[in-house]
Amino acid sequence: MIKTETDSLKDVIAPVTGTGAPCVYLIVLNWVNYPQTKTCLKSLQKVSYPNLKVIVVDNASSDNSGQRLQEEFSQHQFVFNEANLGFARGCNRGIQVALEDADCDYVLLLNNDMEVEPDFLDPAVRMAEENASVGLVTGKILFGDRRNVIWQAGGHIDGVRIQGAPRAWNEVDAGQCDAVCETNWGSGAMLLIPRKTMEIVGLLPEEYFFGSEEWDYSTSVRRAAMKIMYVPEFKGYHRAGGSYKAGHPVLIVYNGVRNKLIYAQKHLSAPAWLVWKQVFKFYLRFGWPRRARRGCQTEADYTARLKAARLAFADHRGIHKIELSDLERAGKAIGPTPTWGNGWGPADSSTNAKGLQ
């Protein structure tokens, strides 16, 4: 029976102990981010869960960070992708390795810019073990640099705007999200996936290069009549934006618009999709120009963001994978900007498109 908001948390978060604890494979995706991935892996060394295995997937980093991490954390398994596959496809390589182990009961996605509490995993596993209808478990994610402020505590997908709406985002954690409850959206930053969910729904959807795969996967899980449960003691701290520049015309605008179009066409009915597409086209023409100025410091920035959204709409050709080559081509068409430069990473403006995670 699913624990609800009125149930005591003590039963839900009872520790999982002993050699018979379910086997959890934790997947961390690294791309050219040695410092943050190292911090994440160091936090995992303190985790008390007795049957945890870690797979680090390196997304063809050009800075040798994957090899450095492998030398320092040789107790973990490493997968080196031959190219930058983006988030979903990159993680899926690690998930496939995990599922080759017949003992694997759960896969845990954890962003490389996350840190976790030592006992964070026990309550999530307990929830899934005691409730057969659970398809995903998400938890309380707080900001890495403001650890009393909520980044996400579950949420829902706005089916009109086609946008994730995180619960309690940017609110001081005052206990308002301390009850176990069902939610509609589990963040891929920290997400426990039972093996049975992957057997029914499949792996992460690979149409998206970066972002929106968690909306899609959450939607598919719920449509398969499984529940997404929020467990507040399943807690971590997220330094969001570790692999991109906020507001970037290519990754955030161009890629984001294409993601919305794919999700809408995939999950709306055919008539609803046709209507939504026309409304969205109208929005890009008349509504987006007002919002596009956010984060812009120059007129050239603004022009680039306008161009990025319109180019993305024109490039949509149905439910197909967005490839790195699509983003590289868009980057050339949009060109560099004074604020964001040529690069997409947060630290180095000279980083080129091949560095995108």
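This is a predicted model: local features need pLDDT of at least 70, side-chain atom pairs count only at pLDDT 80 or more; totals for chains, interfaces and linings use all residues.

Strands E8 and E9 form a hairpin with four residues between them, and in that turn isoleucine 162 has a positive phi of about 55°. When I speak of helices (H or I, at least four residues) and strands (E, at least two), I mean DSSP runs, numbered from the N terminus. E8 covers residues 155-158 and E9 covers residues 163-166, and the two run antiparallel, joined by four bridges; strands are said to pair if DSSP finds at least two bridges between them.

Residues are numbered from 1 along each chain as its sequence is written, and side-chain values use heavy atoms, with hydrogens and water left out.

The axes are lines fitted to C-alpha atoms, for helices over the stretch in contact, and the angles run from 0 to 180 degrees between N-to-C directions. Which residues of H7 and H8 meet? On the H7 side they are Trp215, Asp216, Thr219, Ser220 and Arg223, and on the H8 side Tyr263, Lys266 and His267, where contact means heavy atoms within 4.5 Å.

H8 also packs against helix H12 (residues 324-334), at an angle of about 120° and with the axes 10 Å apart, and H8 and H12 are therefore oblique to each other. In this second contact, Pro249, Val250, Tyr254, Asn255 and Arg258 of H8 meet residues of H12, including Asp326, Leu327 and Ile334.

Elsewhere, helix H2 (residues 34-44) and helix H3 (residues 65-72) pack at about 25°, with their axes 10 Å apart, which makes H2 roughly parallel to H3. Here Tyr34, Thr37, Lys38 and Leu41 in H2 meet Ser65, Arg68, Leu69 and Glu72 in H3.

Finally, the aromatic rings: those of Phe, Tyr and Trp (its six-membered ring) pair if their centres lie within 6.5 Å, and planes under 30 degrees apart count as stacked, over 60 as edge-to-face and the rest as tilted. By this rule there are nine aromatic pairs. In one of them, phenylalanine 120 and phenylalanine 234 have ring centres 5.6 Å apart and planes at 20°, so the pair is stacked. Phenylalanine 120 lies in the loop between strand E5 (114-116) and helix H5 (121-130), while phenylalanine 234 lies in strand E12 (residues 227-238), so this pair ties together parts that are 114 residues apart in sequence.

Note on methods:
Angles under 35 degrees count as roughly parallel, over 145 as roughly antiparallel, 65 to 115 as roughly perpendicular and the rest as oblique.
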